[in-house]
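Here's a quick briefing to read with the model open beside you. It goes through a handful of local features, grouped by topic.

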Amino acid sequence: PTTYQAIRRQFELTYYRHDKILPSLKECEGLDWKSAVAVAWKRARFNLASKVGLAFPAAELGLPEALSTTFFQMQTDQSESRRQLNLNKILALTEFTGTPETGETWLTENLNRLVYNESKRIYILPPQ
């Protein structure tokens, strides 16, 4: 506990490998890992840190541009199996209820309209 703040600050300031460090951060009881992700994501949005490995945890928290960044990273992945796995993880963050085959098309069509619903902790389409 006495080193938690130093560990958190290191996470916030590191350039990459956030996805490797975050599981350990989450194990630190009482450490506010969500705000650490928010600080690191803000740095990444200003290109002071890599978005790779950070975009998905930021998207899980509903942080700005994180879902679209995660989707773009998924689309540019060369591995089809990893692409599908990441697409399923992204779709799980939304209210999508269609079939896996239509998921990428649905996201492409709705990505810019999705908003994060704090109480449901998912991205939803606003009522029209």
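Thr70 sits in helix α5, residues 66-75 (helices are DSSP runs of H or I with at least four residues, strands are runs of E with at least two, and both are numbered from the N terminus). Keep in mind that this is a predicted model, so local features need pLDDT of at least 70 and side-chain atom pairs count only at pLDDT 80 or more, while totals for chains, interfaces and linings use all residues. Residues are numbered from 1 along each chain as its sequence is written, and side-chain values use heavy atoms, with hydrogens and water left out.

**Around Thr70**

- Thr70 counts as buried, at 7% relative accessibility (buried is under 20% relative accessible area, exposed is over 50%, and partly exposed is in between, with a 1.4 Å probe and protein chains only).
- Its side chain reaches the backbone oxygen of Ala66 at 2.8 Å; a polar contact is a pair of N or O atoms within 3.5 Å, where within protein one must be able to donate a hydrogen and the other to accept it, and residues adjacent in sequence count only if both atoms are side-chain atoms.
- Leaving aside residues up to four places away in sequence, Thr70 touches Ala55, Phe56, Ala59 and Ile90 (contact means heavy atoms within 4.5 Å).

**Charges over rings**

- Phe56 turns up again here: the charged end of Lys89 sits over its ring, 4.6 Å from the centre (the rule asks for NZ of Lys or CZ of Arg within 6 Å of the ring centre and within 35 degrees of the ring normal).
- Lys26 lies over the face of Trp33, at 4.5 Å from the ring centre.

**Aromatic pairs**

- Searching the whole structure turns up three aromatic pairs (rings of Phe, Tyr and Trp, the last by its six-membered ring, pair if their centres lie within 6.5 Å; planes under 30 degrees apart are stacked, over 60 edge-to-face, and the rest tilted).
- One of them joins Tyr15 and Tyr16, whose ring centres are 6.4 Å apart with planes at 70°, so this pair is edge-to-face.
- Tyr15 is partly exposed at 47% relative accessible area, and Tyr16 is partly exposed at 47%.
- Tyr116 and Tyr123 also pair edge-to-face, at 5.1 Å centre to centre and 65° between the planes.
- Tyr123 counts as buried, with 5% relative accessibility.

**Salt bridges**

- There are six salt bridges in the structure (a side-chain nitrogen of Lys or Arg within 4 Å of a carboxyl oxygen of Asp or Glu).
- Arg8, Arg9 and Glu12 are linked in a salt-bridge network.
- Glu12 meets Arg8 at 2.6 Å, N to O; both lie in helix α1 (residues 4-13), four residues apart, about one turn of the helix.
- Glu12 also bridges to Arg9, with the closest N and O atoms 2.8 Å apart, and these two are three residues apart in α1.
- Glu12 is buried at 5% and Arg8 is buried at 17%, whereas Arg9 is partly exposed at 43%.
- In helix α6 (residues 80-91), Glu80 and Arg83 are three residues apart, and their side chains meet at 3.8 Å, N to O.

- Glu65, in the loop between α4 (55-60) and α5, has a positive phi of about 65° although it is not a glycine.
- Glu65 is partly exposed, with a relative accessible area of 42%.
- Arg121 has phi near 60°, again positive in a residue other than glycine, and is found in the loop between β1 (115-117) and β2 (122-124).
- Arg121 is exposed, at 54%.
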